Amino acid sequence: MAQAQNRTISGTVTDQESDEPLPGVNVILQGTTIGTVTDIDGNYQLEISGDNPVLLFSYVGYITQEIPVDARTNINVGLSQDITQLNEVVVVGYGTQIKRNLTGNIAQVDGKDIENIPTTSIENTLQGRTAGVFIQQGSGKPGQAIKMRVRGSSSITASNQPLFVVDGIPITSENQGITNNEPTNPLADINFNDVESIEVLKDASAAAIYGSRAANGVVIITTKSGRSGKTQFNVDYSLGYSEPSNKRDWLNGEQYNELFDEAYNNSKEDFGFEPAEFFGLSNLEELKDAAIPGWRDNNNTDWQDEAFRTGRINQLNVSASGGDDKTRFYFGGSFTDQEGILIGNDFNRLSGRLNLDHKVSDRFSFSSNFNLVRTQLDRVANDNAFATPLQLVALPPVQPKIDPETGRLNTNTVYYNGLIQHRDATANTVIYRTLANAQGNFKITNNLLFTSKFGLDLLNQIEDNYQGRETQDGAPAGQGEFRSVRVVNYTVDNYLTYTPVISETNTLEVVAGLSYQQSDRILGSIQARGFPSDAFKKIASAAEAEAFTSLGSRFSYTSVFARANMQFFDKLLVSLSGRVDGSSRFGEDNRYGFFPAVSAGWIVTQEPFLGGSNLVSFLKLRASYGLTGNSEIGNFDALGLYQGTSYGGLSGTRPISVPSPDLKWETTRQIDIGIDFGLFDDRITGEIDYYLKKTDDLLLDVNVPATSGFGVVTQNIGKLENEGFEFVLNTQNLTGPLSWSTSLNLAYNTNVITDLEGQIITSGINRAEEGYPIGVFYMVKYAGVNPETGDAMFELGDGSGELTNDYSAAMEQHVGSPFPDWIGGMTNTLSYKGFELSFLFQFVTGNQIFNDAGSFQTSGFDFFDNQTADQLDRWQQPGDVTDVPEVRFLGGNGVDNSTRYLYDGDYLRLRTMTLAYELPDRWLTPLSLRNVRVYLTGQNLLTFTGYEGWDPEVNFDGTNPANQTNNIRGGRDFYTAPQPRSLIFGVKFGF
Amino acid sequence: MKKIYIAITTLAVFLGLPACDNKLDVEPQQSISSDVALSSSENVVNVLISGYSEIGGQFGTASDGRPEGGELFGADFNLFSELMGNDGEITWNGTFDTYEDVFDKDLIDDNALARDNWMRAYNTINIANTVLDNIDIVDEGIRSQVRGEALWLRGTLLFELVRVYALPYEAGEANDQPGVPIVLTGTTQIDESAFVSRATVAEVYQQVLEDLTTAETLMEERNGFFANTYVATATLSRVYLQQENYAAARDAANRVITEGGYQLVSTYADVFNNASNTSEDIFAVQQNSTFNAGTSNSGLQTFYANLPGVGRDGDIDILQKHLDLYEDGDERLELFYVGEDGQPKTGKWASNGTNIQVMRLAEMYLTRAEANYRLGTTVGATPLEDINLIRDRAGLSDLGSADLDDILLERRRELAFEGQRLHDLKRTKQDVNGFPYNSDDMVFPIPRRETDVNPNLEQNPKY
């Protein structure tokens with residue numbers, strides 16, 4: 001007979017496995033709204049009444065327990081972790097949620113999956129692991145910018161990169177590098193061994209809480225925090241090497257002479273005179289003596305081998321984690337040293353991190369994360385410079401590397417010998433980065449938590465470059481440049497989290513707060529010439545300043561955000577979220593924007609008709625709709641600006657832009673419909689999503705009548721769409737001693753520009769045009785070789801289907817897209833008795849690559865450049881059937897931009913493979929070691945592609961590209977270095 | 001207790017809100033916003049000064065979406081006139097097909113020079129209009145002068161534009177052929193009013209005269225190398241001459257000669273390639289090593305000169321037909337030199353970073369002489385006296401008499417390659433290398449960029 005009077009129950013809730021106390025566990029009297037939450041020591045106290053009381057203990061990530069009280073007054077509970085993926089904790093904006101209850105679309109990557117991958121930047125480790133996220137390294141140079149597109153490109157003029165948030169703070173992720181080289185990547189400063197998890201917020205429901213900067217998705221990076229208990233150390237050391245994942249075949253010295261002579265003679269016949277006359281010379285030998293001295297000496301220089309090398313990789317990671325009930329810490333230190341595969345191209349990073357959590361009282365706790373990083377990048381010239389290593393391949397193999405007369409590097413090469421650059425020029429970029437934040441949590445009541453957070457991202461980058469007097473640009477007396485950039489980016493967040501106890505099946509969580517962000521950037525640089533000797537590399541010794549500047553700029557955001565997550569009857573989920581963003585970047589008439597989103601989910605398996613089914617163990621239907629924005633444009637595009645000028649020694653100011661007071665963010669409306677499912681007791685889980693993203697008010701530079709005094713004005717004009725599907729499937733194929741699990745993701749995206757008011761924006765052969773995907777390739781179609789004449793043939797393109805050898809008569813056509821339609825990846829993990837084998841295959845398909853350098857590399861000796869080996873198959877006499885036109889020196893036979901140099905960019909790549917062995921405990925215990933793991937990790941070990949260039953994962957964006965160029969230009973190869981193929985061996989000790 | 005916590009925290013959170021709005025008012029640092037740029041007398045004067053750097057055609061200053069180019073008085077107004085006005089006295093050997101098309105009188109509607117000069121000219125007109133719109137901010141003591149300079153900038157540019165982009169002014173006719181758009185207010189926002197139409201040639205000339213005559217009354221006698229009242233008067237003499245209003249042209253030229261205080265430089269060669277204005281310069285573009293219209297791909301010296309370190313590779317050769325115009329012993333003939341490529345070159349534009357003569361006193365004597373002759377008057381001096389003054393400085397003996405041909409020939413010799421040729425040919429209705437003076441081929445296109453973006457702009461007949 002149960003008692004009905006009021007009484008007080010107390011106890012402690014712990015983790016069953018570790019015996020650690022669990023704070024924040026919901027303790028509810030079943031069937032009522034009476035409940036409480038455990039304190040930081042896991043203790044609770046609850047006054048109850050009623051017949052046969054039953055207490056429910058529930059906690060995110062743990063299995064809920066129902067415990068009849070009976071006559072007890074003290075109930076201690078050990079909760080066990082729910083290891084199914086559906087109960088994983090997912091980090092969302094300003095909070096966390098469990099995966100089961102998500103109504104938005106978030107892709108999650110666990111930090112331990114990306115440990116020790118021999119690459120430089122964190123986005124790179126996500127390739128193939130997140131559905132619908134396209135990631136492309138432009139080249140194999142370390143530390144360079146990486147393209148990341150979440151569910152397609154949503155802008156033409158503003159940035160298409162997602163917002164990166166580290167421990168709740170939006171960080172600086174834009175290129176800060178020198179303008180005469182390719183963009184660099186501030187994300188390379190992040191040591192990804194410190195990372196606990198990465199979440200990519202993809203749909204509007206997940207991202208809208210980041211408002212005007214969420215249209216490209218949001219990447220949330222969360223670093224590790226300490227675990228209380230005995231201090232655990234991990235020391236992890238790996239070393240290895242990298243080499244180019246592919247080399248191309250070029251003509252050797254003998255072939256060069258043969259084909260060059262043939263090309264010369266063909267042209268001589270065509271022209272009716274000696275082509276040497278163009279150079280004021282009279283015949284072939286004179287020309288070769290003048291242009292390519294050394295050709296008589298049987299040289300056979302492999303210039304490609306001179307550009308590449310085998311790079312060493314060294315990585316050391318040390319971490320310590322521990323603490324007591326009140327204070328927990330995580331310390332992470334790391335040193336990464338990676339030599340690139342190109343001569344003179346190195347990357348190293350030294351990173352230290354301390355994350356501290358401290359509980360002052362039951363009500364008040366605070367935490368602080370502090371990360372100091374030094375990154376050094378030794379750079380080579382941009383791909384479009386003779387000085388860059390890979391342009392060495394243009395040099396004739398008949399010319400020697402060392403001039404036999406001087407015994408020094410050959411200066412008589414037909415183009416500048418880039419080895420001189422390697423010897424006499426330095427380009428060092430050193431970045432000091434501080435990512436720090438401090439957070440205070442104050443529990444106003446048991447249900448209301450106030451959080452205040454201050455975050456700082458300080459980036460200090462110094463570039464110190466020198467080109468010696470024998471280099472192309474440093475002649476005649478040396479040239480130096482010193483450039484310094486500092487970006488101070490800080491954020492202040494204050495928000496309340498309200499979690500009233502309603503009942504065990506009906507829950508509510510409300511988050512609401514304010515955020516302010518400000519970013520200040522200053523830059524100073526000086527370029528000077530004329531150094532006493534190459535021993536002097538600092539500008540103090542320069543004779544004459546060539547250029548100097550200092551610049552400053554700022555942007556700010558002030559925002560209000562809120563979210564409410566509701567759960568009804570444990571099966572219906574509703575989430576409302578939104579943000580009001582004000583930005584200094586926008587016109588005064590449109591300074592604030594509202595970005596709301598709504599989503600709902602129905603856990604069908606909670607319904608009686610599916611409950612208890614083993615076949616369908618979990619089924620959730622969800623849908624979301626919302627607005628997000630894109631505000632990544634110039635800081636002052638909305639203002640009418642005046643700029644300094646001078647006349648006759650007097651200064652003046654002149655107008656350079658007209659106010660655009662209506663200027664505002666681009667708005668993306670996204671609908672997402674998805675299914676999450678678990679089959680066979682969750683041995684198979686998966687997600688299927690459909691989305692449609694419509695972006696309007698595109699920020700575009702619009703031509704205006706110049707009679708107004710202005711050429712362009714930035715306005716909100718234009719629309720585009722992305723539509724696609726995503727599939728995720730995780731299976732546990734084998735469980736038991738031999739376990740095998742598979743994780744597969746596939747995504748399909750189509751992008752189309754629906755309205756540009758008739759404008760066509762081009763970046764060479766890529767363009768933005770109504771009715772086509774952004775960056776569509778537009779060029780003349782190549783139609784092979786006329787077997788009678790050896791002429792390159794082109795499609796007329798007028799619908800007649802006829803061919804012509806007159807390039808200028810052929811019309812350009814839309815011929816492909818730089819962005820893939822299908823992307824995906826598959827990870828398999830096998831383990832058996834301490835052995836673990838894991839491998840990730842990743843692919844893209846449906847995109848094209850244009851080799852801009854084709855007109856030099858594969859041109860039938862249009863000039864002196866060495867040619868790809870396929871030129872051996874050239875047309876030679878009537879009747880020859882080949883797709884390589886007759887070689888003609890200065891003859892321009894098929895070298896103009898056409899689909900001759902456009903290739904399918906599909907590839908399948910064994911992106912990462914790790915074989916690891918965990919030493920058995922019986923060996924370790926005598927050594928007082930907790931664990932020892934030895935591993936072998938390979939990156940880019942295999943690539944399957946039809947692309948004939950070095951690497952299908954390629955894009956040369958040019959130097960200092962504007963957002964618009966970056967968005968439209970894609971799939972371009974120009975002497976661009978391939979990805980490295982790396983192999984490292986490592987040992988990890990835990991004690 | 002709980003309620004107090006809640007109240008305090010809520011207050012703490014939301015107090016920040018109203019204070020944040022002004023945090024969004026971020027001012028740029030390399031540039032200033034229009035509010036600041038027009039906030040004081042000094043700042044408005046700064047805007048006016050930029051008008052001079054624009055008509056001087058400083059190279060490489062565009063960052064506002066228009067191309068870098070269009071050197072106006074710094075180069076192209078001269079080159080347009082001399083290249084298009086060529087009738088076998090020069091050759092163009094340069095590789096720039098934009099100039100070659102001008103030389104061949106075979107322009108296309110998207111010729112970059114036609115576009116760039118149009119854009120920069122209207123950019124400068126907008127500068128002038130902006131100054132005029134904000135003239136009340138300017139200190140009273142200099143207000144008239146500033147207003148006069150802005151009006152001169154606008155008037156002189158409209159005059160150059162209508163001469164280049166429209167069919168010629170026909171004296172005594174209605175002149176209702178399309179001229180160029182007249183824009184009289186500064187642009188603060190792009191709206192419907194930005195989509196202007198072309199005014200007639202008559203309307204443009206009327207506006208030019210109104211601007212310049214007002215400017216003439218407003219400006220001081222001396223103003224350094226900037227515009228003064230005589231600069232406006234000298235410009236007016238050109239406008240009247242173009243309109244064949246000889247009396248007004250004569251009187252304007254006479255005013256400059258008699259009141260302006262200018263003096264002919266004693267040696268002809270010293271008129272050119274100077275770092276500062278001479279006593280003869282009425283208006284010259286001030287150039288130096290950092291401010292110039294270009295030294296490698298643009299600028300007068302780049303195309304005319306062919307000396308070590310100056311000029312490209314001899315883009316403009318002077319042919320014998322021109323050299324034959326001069327008498328033996330003419331110092332103006334001696335200024336020609338043989339360039340590095342072995343061909344004759346003019347010595348007028350032979351040193352980088354030196355001033356570009358736009359209007360100088362000698363032109364006023366020649367204009368007065370011609371106008372007096374045509375009217376049968378002797379205001380200021382007889383035509384013969386004026387011509388002999390010019391001949392005398394060139395080291396030539398006096399003529400005993402001078403008819404119209406003598407006067408025009410003297411003008412041609414004295415002002416050769418100073419940008420007068422095409423306009424002199426048009427106003428005297430002479431054929432140019434077989435093209436009639438009013439040929440559609442000798443009218444620049446309205447830039448295609450403009451007709452594309454503004455449907456209200458009528459294109460010229462040929463394009």
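Predicted model: local features only at pLDDT ≥ 70, side-chain atom pairs only at ≥ 80, totals over all residues.
Just past the end of helix α3 of chain A, A:Gly272 adopts a positive phi of about 85°.

Which residues of α3(A) are buried? They are A:Gly253, A:Tyr256, A:Asn257, A:Leu259, A:Phe260, A:Ala263, A:Tyr264, A:Asn266 and A:Ser267. The partner for these buried residues is α4 of chain A, residues 284–291, against which they pack.

## The domains of chain A

To place that helix in the wider chain, look at the domains. Chain A is divided into domain 1 (7–83), domain 2 (169–244 + 309–650 + 667–775 + 817–856 + 901–990) and domain 3 (253–299 + 860–894). How far apart do the C-alpha centres of domain 1 and domain 3 of chain A lie? The distance between these two centres is 85 Å.

## A three-stranded sheet

Chain A also holds an open sheet of three strands, in the order β48-β47-β51, and its pairing is mixed. At the edges are β48 (902–904) and β51 (972–973) of chain A, each of which pairs on one side only.

Strand β47 of chain A, residues 848–851, runs parallel to β51(A), and two bridges join them. If you zoom in on this pair, you will find A:Phe850 opposite A:Arg972 in β51(A).

## Getting to know chain B

Chain B contains 18 helices and seven strands. Its C-alpha trace spans about 115 × 45 × 45 Å along the principal axes. A compact globule of 463 residues would have a radius of gyration near 23 Å, so the 25 Å of chain B agrees with that expectation.

Of the 463 residues in chain B, 53% count as buried. Among the contacts in chain B with a separation of 6 or more, 65% come from residues 24 or more positions apart.

## Where the two chains meet

The contact between the chains takes 58 residues from chain B and 52 residues from chain A. On the chain B side, the elements giving two or more residues are α1 (2–20), β1 (31–33), α2 (34–37), α3 (41–55), α6 (112–133) and α18 (448–453). What kinds of residues make up the side of chain B that touches chain A? They divide into 27 nonpolar, 22 polar and nine charged.

Strands take part in this meeting too. Strand β30 of chain A (residues 641–647) and β1(B) run antiparallel, joined by three bridges. Within β1(B), B:Ile32 is the residue that stands opposite A:Tyr642.

Helix α3(B) has 15 residues and reaches 22 Å from its first C-alpha to its last, close to the 21 Å expected at 1.5 Å a residue. Is this helix mostly covered or mostly open? It is mostly covered, with twelve of its 15 residues buried. Among those buried residues are B:Val44, B:Leu48, B:Gly51, B:Tyr52 and B:Ile55.

The cover over the buried residues of α3(B) includes elements of both chains: β30 and β31 (650–657) of chain A, together with α2, α6 and α7 (140–165) of chain B. Just after α3(B) comes B:Gly57, which takes a positive phi of about 70°.

How values were computed
Residues numbered from 1 in each chain as written. Chains lettered and ligands numbered in written order. Buried ≥ 20, exposed ≤ 12 C-beta atoms within 10 Å, placed from the backbone. Helix = DSSP H or I, 4+ residues; strand = E, 2+ residues; numbered from the N terminus. Contact = placed C-beta atoms within 7 Å. Nonpolar A, V, L, I, M, F, W, Y, C, P; charged D, E, K, R; others polar. Pairing = 2+ DSSP bridges. Rg over C-alpha atoms; globule rule 2.2 N^0.38 Å. Domains from an automatic or database assignment. Expected span 1.5 Å × (residues − 1).
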